[in-house]
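Here is a short report on the structure shown below. Look it over before reading on.

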Amino acid sequence: MTDIALLKPPSVSVALRSLLRADATVLLRNRQALLLSIVLPVAILFITGSGGGRRQVLDPGYVIGLSITYGLMASGLFGYPMAVARDRESGVFQRMRVTPVPMWTVSVSRIAVQLVLSLVMSLVVLGLGGVRHHLTFGLVNWLLVLAVSLLGAAVFLAIGQAVVGLTTTSGQVNAFSRVLFALLLVVGLIGSSGLLGDTFKTVAGWTPVGGLSYLFNAAMGGVGWGSDQVIGLVASLVYAVVFGYIGVRWFRWTVR
Amino acid sequence: MAEQVSAPILEVEGLVVRYGTRTAVDGLSLAVRRGEIFGLLGPNGAGKTSTLSAVEGLLRPAAGGVRVVGRDAALEPLAVRALIGVQLQASSFQAELTLTEILRLYAGLYGLELPAGELSARLHRAGLDDEAGKRYKQTSGGQQQRFSLLVAMLHDPPLLLLDEPTSGLDPQARRQLWAQIERARGEGGSILLTTHSMEEASAVCDRVAIIDHGTLVALGTPAELVEQHRADPRVLRAAHGDVTLEDVFIGLTGDEIRD
């Protein structure tokens with residue numbers, strides 16, 4: 001038996017290192033999450049960018065922003081909350097709760113892995129989007145897109161956290177996420193494209209998807225930084241904070 | 001020094017646990033000695049899980065307290081969890097990880113950096129060499145229980161909490177697990193286990209406590225309890241032939257079904 005004096009809680013760095021390694025392994029083995037988060041955004045990039053008539057309506061920067069936003073939504077609304085709900089149901093968290101690590105490290109590790117995935121997806125989509133549409137981005141554009149991607153990932157992870165905080169089963173999470181996904185995508189994208197008029201476009205600018213599309217467009221140099229982008233930035237920050245609070249406040253580690 | 005050596009590893013004193021207006025544990029006191037296998041018996045809803053949760057520092061008692069190696073579980077939950085190993089009946093591990101990867105993860109959560117050879121050696125000792133590269137869900141019920149116990153013992157804790165460790169196992173797997181528990185005790189550990197199996201309590205436990213409605217009903221060695229309650233009319237009504245620990249349990253807690 002180990003000397004009792006040596007049995008102490010681990011340092012946060014040791015615990016986080018173990019959690020990050022495990023969470024990264026889990027994510028890399030989850031083909032569905034990788035497909036939703038990386039492969040489908042790339043597919044959207046190519047599908048929406050093809051066709052002579054459509055090219056007139058959809059600006060290349062808008063298409064790239066849409067593809068990245070889709071990837072962020074898939075990761076934040078499906079990948080993260082579904083994994084959390086499933087592990088909560090099966091008792092993974094129940095087991096972790098009786099170890100000597102604070103449970104916030106478990107959340108931080110999972111969110112960090114999702115953020116890295118989001119950044120990788122953004123880099124891939126931006127790179128392929130540039131090639132596809134013959135666009136060249138400067139270093140500032142790359143950095144701005146990464147910054148907006150981080151903000152977008154924070155928004156959708158916060159919404160995902162709220163969903164898993166307010167529900168108790170993975171079935172409920174799945175249902176909520178599907179409805180939210182469709183709603184946010186339709187309102188944000190169609191509205192911010194201007195196809196339904198200026199009033200709807202203004203309203204859409206305040207939605208998570210609409211706000212991000214303005215920010216991505218500016219980050220890629222498609223438009224200047226103006227009031228639309230300020231609204232997008234403020235709205236995104238508010239969404240991240242409000243939904244993050246709701247998700248943490250009502251979250252339960254066990255449902256038994 | 002002599003006092004310190006003989007001091008209980010776990011002390012539960014006047015523990016009261018409430019959920020809203022419902023009292024789950026009502027003034028429970030007991031102690032687990034060093035090197036002892038202690039059984040906590042009770043029907044469903046008797047307060048066993050709440051007592052374990054208080055020991056694990058997962059809830060704050062309404063009154064009384066729990067001390068593990070002298071440390072207050074409510075005030076220092078992380079320090080107490082570093083001193084205990086826990087096997088939960090209804091818990092699991094990440095479905096995408098292999099047994100070796102899970103072991104490495106939990107080693108890190110207990111602050112241990114175990115080399116690959118040490119992880120393999122531990123799996124070998126639990127008879128899980130061939131399953132090292134398998135995922136948790138791909139293993140049998142008995143292997144899952146053995147692995148779960150292995151994870152609980154990873155940091156060689158002085159106190160093991162086992163929640164119905166042999167539930168759902170066949171007799172062979174149950175015997176193997178009993179042997180694993182005995183080995184843990186042989187290496188200096190103390191064990192607090194809950195079980196619904198009176199056969200298990202009689203075979204494995206040095207002492208048992210029977211609790212019901214959150215209070216202590218009886219405490220002693222299995223043989224002492226049988227002896228003390230042999231003439232109790234409630235126990236005699238439950239007995240079919242020689243009085244057993246199960247007869248004592250039924251006699252003291254009643255024969256109505258609890259959910």
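How many bridges join strand 4 (residues 63-68) of chain B to strand 5 of chain B? The count is 2, and the two strands run antiparallel. This is a predicted model.

## The sheet of chain B

In general, strands of a sheet pair through backbone hydrogen bonds, either parallel or antiparallel.

One bridge can be named by residue. B:Arg67 has B:Asp72, in strand 5 of chain B, as its bridge partner.

## A helix across the strands

## The fold of chain A

Chain A has 11 helices and 0 strands. From the N terminus on, its elements run α-α-α-α-α-α-α-α-α-α-α. The radius of gyration of chain A is 20 Å, close to the 18 Å given by the globule rule for 256 residues, so chain A is as compact as a globular protein of that length. Along its principal axes, the C-alpha trace of chain A spans about 70 × 35 × 30 Å.

Buried residues account for 45% of the 256 residues in chain A. Sequence separation can be read from the contacts too. Among contacts in chain A with a separation of 6 or more, 76% are between residues 24 or more positions apart.

## An exposed glycine

A:Gly197 sits in the loop between helix 8 (170-193) and helix 9 (198-205) of chain A. Is A:Gly197 buried or exposed? A:Gly197 is exposed, because 9 other C-beta atoms lie within 10 Å, and the cut-off for an exposed residue is 12 or fewer.

A:Gly197 and A:Thr105 are 92 residues apart along the chain. Their C-alpha atoms are separated by 46 Å.

## Where the chains meet

In the interface, 31 residues of chain B are in contact with 29 residues of chain A. On the side of chain B that touches chain A, the elements giving two or more residues are helix 3 (77-83) and helix 4 (99-109) of chain B. By class, that side of chain B has 17 nonpolar, 8 polar and 6 charged residues.

Notes:
Residues are numbered from 1 along each chain as its sequence is written. Chains are lettered from A and ligands numbered from 1 in the order in which they are written. This is a predicted model: local features need pLDDT of at least 70, side-chain atom pairs count only at pLDDT 80 or more; totals for chains, interfaces and linings use all residues. Helices (H or I, at least four residues) and strands (E, at least two) are DSSP runs, numbered from the N terminus. The radius of gyration is taken over C-alpha atoms; the globule rule is 2.2 Å times the number of residues to the power 0.38. A residue is buried if 20 or more other C-beta atoms lie within 10 Å of its own, exposed if 12 or fewer, and partly exposed in between; C-beta atoms are placed from the backbone. Two residues are in contact if their C-beta atoms, placed from the backbone, lie within 7 Å. Ala, Val, Leu, Ile, Met, Phe, Trp, Tyr, Cys and Pro count as nonpolar, Asp, Glu, Lys and Arg as charged, and the others, Gly among them, as polar. Two strands pair if DSSP finds at least two bridges between them.
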